[in-house]
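User: Hi! I'm new to this one, could you walk me through it?
Analyst: Happy to, let's take a look together.
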Amino acid sequence: MSRSTRRLTVAQALVRFLAAQYTERDGARHRLIAGTWGIFGHGNVAGIGQALLEAGEQTMPFHQGRNEQSMVHAAVGYARQLNRLSAQAVTTSIGPGATNLVTGAALATVNRLPVLLLPGDYFATRAADPLLQQLEHPVSADVSVNDTLRPVSRYFDRITRPEALIPSALAAMRVLADPVETGAVTLALPQDVQAEAYDWPEEFFADRIWRVRRPAPEPAELAEAVRLIRAAERPLIVAGGGVHHSEAEDALKALVDATGIPVASTQAGKGSLRHDHPADLGGIGHTGTAVCDDIARTADLVIGVGTRYTDFTTASATLFQNPDVRFLNLNVTAFDAHKLAARTLVADARAGLAALTEALSGHRVDEAYEAGYRAGKERWAQVVDAAYRADDENQIPTQTQVLGALDAVVGDDDVVINAAGSLPGDLHKLWRARSPRQYHLEYGYSCMGYEIPAGIGVQQAAPSTPVWSLVGDGTYLMMPTEIVTAVQEGLPVNLVLIQNHGYASIGGLSEETGGERFGTAYRYRAADGTFTGAPLPVDLAANAASLGMDVLRAKTVRELRDALATARASDRPTCVYVETDPTPTAPAAQAWWDVPVAEVASREAATRAREAYDQHVQGRRRHL
């Protein structure tokens, strides 16, 4: 008996296949690919473009982007907001459209967040060769510009035959839905193959559920973990993004409530506990709090939960200074669990934390240890209050006072998004996260330009939630174009645009490392040719308005707080523009970060910086 088939183009078949894919975890089902972003060029307009038109919005919602990189950022923001259980696809033409995906793909893979990329490619038949925008490689004819996506993709395939789509599409879905493997997935689609028809088996279009597993700890590993925790006198939990992806916040709280073990948070893990929980010590590492870093220096057991241990977290391997410190890592990904020569608990974060809580019944840290870190937490709360406070509300706000004004306006479930510049450091030290999703920092790749498109993705995933994209002028100038998309889609994303006339973060870092703020200010050239003249006469608020946003200008702390409240109440995309007092008011870094300094130099600033560098680097340890 012959099986039923349906004659469709490759692009039509792919769209219908994607519409039938679902994830399921804890009994809740989600569409795996909930929509497609696209910019159509000659490489996909008659393929994927035609297929999306034919399928219709009910089958596959379509979102019109303005920049290929920012479309990926929007999709990543969407996936993160939904704990990686639902994702979006991004399609582009061959050539520059495809290569513009690379930065976004790297961001997705670095952060372990799912996104499906569908770039056009050269003719598989070579009927037109070379075609417009084709890269000709003199010794490798099968290479195209899409090969730049290979190293930043968790799965890559080029579909040169219609029937090859079936196994490749299934493999792509497996990777996207797997919490261990997920990241950017690329299916490069030659433009002639996109339009080619084939008789597809009906089974290919049947609803398919990809169950997201919660692997439990292996008993021997669990027993070893419990032994280590019971023996530790100064244990510290480092909560990473895996806590959020696993929806393990309540399980973490249960463990902490039972044992009294304090919690430090990475940028991705902040909000794992509410800021006012007695055991929440705030951020850890180079951008961490004083209490958190002090505890980390003396900890004898560091329990990583869903963290990758980046150099900011470990203060470039100088933070954990107890000579007897040991590491225990709970992570669904064995690659991360084994970092720092740790004892491992390879399991889902929620399942692992629940198992630890049960096995540690009756165990609690010493009262003196608990009292000590709680006192440190209270001292840091006073530091935050001072950074947020404005003694004169009619003055120009500092950047930390901008955060204080926002803190006074947002609700518990608002989402605050940032990625680059000086804001990540200030936010990690100072922000009081009130819910698991409120603090949305992309700091795995720290990609300038992420904030505005990510805000759109988050708003799509959580339509009734106020969303705040925080950007400085440097980041804004990188990628403001998706403002038009927010206006087109009626998404009331709030943009807080801070004008400080240059790269404030890199300027400060340059000064610390002997670079003397070279090339970091947005200013006219002075008579000596340096960029030290007057600030440039740019009006970024007018630019945002020209792209369709409502714009509120705030010159004082009082005006800023009123503008933020107005923006939160608005049902339109709204920009709050504020120029800040450049006087530093954020607490200094509480731990080091290794940025190499010139070993030899003729300028005094670099020589002094190298002397300081040589002193700091002596504190680096290899944990074995």
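Analyst: A quick definition to start: the domain bounds used here come from an automatic or database domain assignment. Also keep in mind that this is a predicted model.

User: Thanks! Which domains does the assignment give?
Analyst: The assignment gives domain 1 (5-211), domain 2 (219-245 + 254-379) and domain 3 (389-501 + 536-579).

User: How far apart are the centres of domain 1 and domain 2?
Analyst: Their C-alpha centres lie 38 Å apart. The contact between them takes 11 residues from domain 1 and 9 residues from domain 2.

User: And how much area do domain 1 and domain 2 bury between them?
Analyst: About 850 Å², with 41% of that on carbon and sulfur atoms.

User: How many salt bridges are found across that interface?
Analyst: The rule finds 2 salt bridges across the interface of domain 1 and domain 2.

User: Switching topic: which residue does Asp336 form a salt bridge with?
Analyst: Asp336 pairs with Arg112 in a salt bridge, and their closest N and O atoms are 2.8 Å apart.

User: Okay, now His245. Where is it found, and is it buried or exposed?
Analyst: His245 is found in helix α9, which covers residues 241-245. His245 counts as buried because its relative accessibility is 11%, and the cut-off for buried is under 20%.

User: What is His245 in contact with?
Analyst: Leaving aside neighbours within four places in sequence, His245 is in contact with Arg25, Asn83, Arg84, Asn111, Leu113 and Arg437.

User: Last one: why is helix α16 described as largely enclosed?
Analyst: In helix α16 (residues 399-409), 10 of the 11 residues are buried, so the helix is largely enclosed by the rest of the structure. Among the buried residues are Gln399, Val402, Leu403, Leu406 and Val409.

How values were computed:
Residues are numbered from 1 along each chain as its sequence is written. This is a predicted model: local features need pLDDT of at least 70, side-chain atom pairs count only at pLDDT 80 or more; totals for chains, interfaces and linings use all residues. Side-chain values use heavy atoms; hydrogens and water are left out. Helices (H or I, at least four residues) and strands (E, at least two) are DSSP runs, numbered from the N terminus. Buried means under 20% relative accessible area, exposed over 50%, partly exposed in between (1.4 Å probe, protein chains only). Contact means heavy atoms within 4.5 Å. Buried area is the accessible area (1.4 Å probe) that two parts lose on being put together, summed over both. A salt bridge is a side-chain nitrogen of Lys or Arg within 4 Å of a carboxyl oxygen of Asp or Glu.
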